[in-house]
Amino acid sequence: MKNVDVQEIREKIREACGRMAVVYHPDILDALKQGREKETEERSVTAMDMLLQNAEIAAQENIPICQDTGMVIVWAEIGQDVHLVNGDFEEAVNAGVAEGYTQNYLRASVVKDPLLHRENTKNNTPCVIYARIVPGDSVKISLMAKGFGSENMSRIAMLKPAQGVQGVKDFVLETIKLAGPNACPPMIAGVGIGGTFDSCAAMAKHALLRPLNVGNPDPEYKALEDTLLQEANALKVGPMGLHGNTTALKIQIETAPTHIAGMPCAVNICCHACRHEEFTL
């Protein structure tokens with residue numbers, strides 16, 4: 001049995017929130033640079049140059065990549081041989097998020113009630129927490145800051161099994177087309193296929209954590225990712241909706257077993273600023 005101090009988790013989350021708001025992962029920067037080389041129209045080249053310049057300024061001056069600093073989602077993989085000590089786990093996670101946002105002067109975007117009383121909580125909490133018990137004696141935390149310009153363009157469909165691969169392709173591409181400039185393209189699309197109504201949407205979001213230079217481990221699903229990316233870019237939405245060649249940087253697919261009568265499919269749209277961090281204790 002290994003003791004893991006939840007206050008250490010809190011501190012790591014505080015640091016991660018400040019870091020992911022201002023620094024792109026190298027794979028995203030590389031994808032943006034590659035996309036820029038594919039642009040042929042002056043306005044699309046200019047748009048991509050502005051995104052790259054924005055990324056450089058954000059990192060150098062330690063200011064947010066985007067004014068929407070997102071709602072935080074946390075995935076925790078907790079080893080079954082871990083004993084969490086020195087406080088409540090969920091309280092520590094939310095405290096880390098609150099400190100990360102307030103101490104780094106990041107925009108607070110969470111309201112405590114979704115409909116009747118949309119009062120801002122002032123510290124960007126509570127966050128969304130997904131926790132799993134896994135073998136081992138470590139705790140792995142992955143977290144994402146998800147902006148809602150792209151989140152609002154996400155969709156889920158309960159497809160019929162008979163719709164097959166073409167049904168999935170049609171739904172994914174329709175979702176990207178409907179998102180258009182609203183999702184601040186070039187975008188990244190996480191696609192969940194299978195599971196249930198709720199787990200499918202969670203899979204789609206989790207898929208966004210995978211590095212852009214890593215394809216699905218199943219060669220058939222990797223081929224589908226590649227096909228979808230090619231067809232998404234053929235839509236010519238383009239950088240910032242200016243009708244260029246780079247509508248999407250990557251399509252990321254995750255799958256799960258499902259019921260014989262259904263084929264859930266969710267698309268979680270993310271803008272080019274796919275902000276996430278992870279650490280293991």
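**Exercise 1. At what angle do the axes of helix α6 (residues 164-179) and helix α8 (residues 219-233) cross, and within what distance do they come?**

*Basis.* This is a predicted model, in which local features need pLDDT of at least 70, side-chain atom pairs count only at pLDDT 80 or more, and totals for chains, interfaces and linings use all residues. Residues are numbered from 1 along each chain as its sequence is written, and side-chain values use heavy atoms, with hydrogens and water left out.

*Solution.* 

Step 1. Helices are DSSP runs of H or I with at least four residues, and strands are runs of E with at least two, numbered from the N terminus. An axis is a line fitted to C-alpha atoms, for helices over the stretch in contact, and angles between N-to-C directions run from 0 to 180 degrees.

Step 2. The axes of α6 and α8 come within 10 Å and cross at roughly 40°. Therefore α6 is oblique to α8 (under 35 degrees counts as roughly parallel, over 145 as roughly antiparallel, 65 to 115 as roughly perpendicular, and the rest as oblique).

Step 3. In α6, V165, K169, V172, L173 and I176 meet L224, T227, L228, E231 and A232 of α8; contact means heavy atoms within 4.5 Å.

**Exercise 2. Which residues of α6 are buried, and what covers them?**

*Solution.* 

Step 1. Buried means under 20% relative accessible area, exposed over 50%, and partly exposed in between, with a 1.4 Å probe and protein chains only. The buried residues of α6 are G167, V168, K169, F171, V172, L173, T175, I176 and A179.

Step 2. Their cover includes the strands β6 (155-159), β7 (187-195), β8 (248-258) and β9 (263-270), as well as helix α8.

Step 3. Just after α6, G180 takes a positive phi of about 50°.
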